[in-house]
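Welcome! Keep the 3D view open as you read.

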Amino acid sequence: MTLAPAAVRATDRWRRMVPPALVAGGVAAATLALHLRDPHQQGSWGMCPTAAMGFWCPGCGGLRAVNDLGNLRVLDAASSNLLFVASIPVLAYLFYRWSAGRWTDRRWTPSERSMNVSVVLLGVGLVAFTVLRNTPAGAWLAP
């Protein structure tokens, strides 16, 4: 017995959606774990290696930011890691484009030039954020 073309397309669609579903499930599981085990309590998730060396990396405060967002405290989350909170709309848009492309089987592939520019801008932004949050002028960015 063979499936009708429409049934084959539907089956293929659900198979294509497995990776986005796994990513969404992983994000949900991590968010739940951070909601249940509060990273604001000293040592609850271990010690950040860069904080132990005496400086704040771009990710420092990210766990606390996720916990704060899970508790609907957006300003507290921004205080923990402003860069992470500001990147959420971009990450959501990229996830949407990826998922929609897999759903419709029309993959979104950015141009090589735009990817190169994006990688350079991301790198420069991360370095600038790291340097700024470790200086007296940017102390308000520290977690």
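A residue is called buried under 20% relative accessible area, exposed over 50%, and partly exposed in between. Phe 95 has a relative accessible area of 30%, so it is partly exposed. Please keep in mind that this is a predicted model.

**Aromatic pairs**

- A search of the whole structure turns up 3 aromatic pairs.
- One of them joins Tyr 93 and Trp 108 in an edge-to-face arrangement, with 6.4 Å from centre to centre and 70 degrees between the planes.
- Tyr 93 belongs to helix H6 while Trp 108 sits in the loop between H6 and H7, so this pair ties together parts that are 15 residues apart in sequence.
- Tyr 93 has 41% relative accessibility and therefore counts as partly exposed.
- Trp 108 is partly exposed as well, because its relative accessible area is 33%.
- At 32% relative accessibility, Trp 98 counts as partly exposed.

**The largest pocket**

- The volume of the largest pocket is about 620 Å³.
- Its lining is made of 19 residues, and those nearest the centre are Val 90, Leu 91, Leu 94, Ser 118 and Leu 122.
- Helix H6 (82-104) and helix H7 (112-133) each contribute at least two residues to this lining.
- H7 provides the largest share, with 8 residues.
- What classes of residue make up this lining? There are 13 nonpolar and 6 polar residues, and no charged ones.

**The second largest pocket**

- The second largest pocket holds about 510 Å³ of space.
- Around it are 21 lining residues, of which Pro 39, Gly 46, Cys 48, Gly 61 and Arg 64 lie nearest the centre.
- Helix H4 (residues 62-70) gives the most to this lining, namely 4 residues.
- Sorted by class, the lining of the second largest pocket has 11 nonpolar, 9 polar and 1 charged residues.

**A serine in a loop**

- Ser 44 can be found in the loop between helix H2 (18-36) and helix H3 (49-53).
- Is Ser 44 buried or exposed? Its relative accessibility is 11%, so Ser 44 counts as buried.
- A polar atom of the Ser 44 side chain lies 3.1 Å from the backbone oxygen of Gln 41.
- Leaving aside residues up to four places away in sequence, Ser 44 touches Arg 37, Asp 38 and Pro 39.

- Most residues other than glycine have a negative phi.
- Leu 72 is not a glycine, yet has a positive phi of about 60 degrees.
- Look for Leu 72 in the loop between H4 and helix H5 (74-80).
- With a relative accessible area of 75%, Leu 72 is exposed.
- Asp 105 is not a glycine either, and it has a positive phi of about 60 degrees.
- Asp 105 is placed in the loop between H6 and H7.
- At 46% relative accessibility, Asp 105 counts as partly exposed.

Notes. Residues are numbered from 1 along each chain as its sequence is written. This is a predicted model: local features need pLDDT of at least 70, side-chain atom pairs count only at pLDDT 80 or more; totals for chains, interfaces and linings use all residues. Side-chain values use heavy atoms; hydrogens and water are left out. On a 1 Å grid over the protein atoms alone, a cavity is a set of points where a 1.4 Å probe fits but cannot get out, and a pocket is an open set with protein on both sides within 12 Å along at least five of seven lines; lining residues have an atom within 4 Å of a point. Grid points are joined across faces, edges and corners, and a volume is the space filled by probe spheres set on the points. Ala, Val, Leu, Ile, Met, Phe, Trp, Tyr, Cys and Pro count as nonpolar, Asp, Glu, Lys and Arg as charged, and the others, Gly among them, as polar. Buried means under 20% relative accessible area, exposed over 50%, partly exposed in between (1.4 Å probe, protein chains only). A polar contact is a pair of N or O atoms within 3.5 Å; within protein, one must be able to donate a hydrogen and the other to accept it, and residues adjacent in sequence count only if both atoms are side-chain atoms. Contact means heavy atoms within 4.5 Å. Rings of Phe, Tyr and Trp (its six-membered ring) pair if their centres lie within 6.5 Å; planes under 30 degrees apart count as stacked, over 60 as edge-to-face and the rest as tilted.
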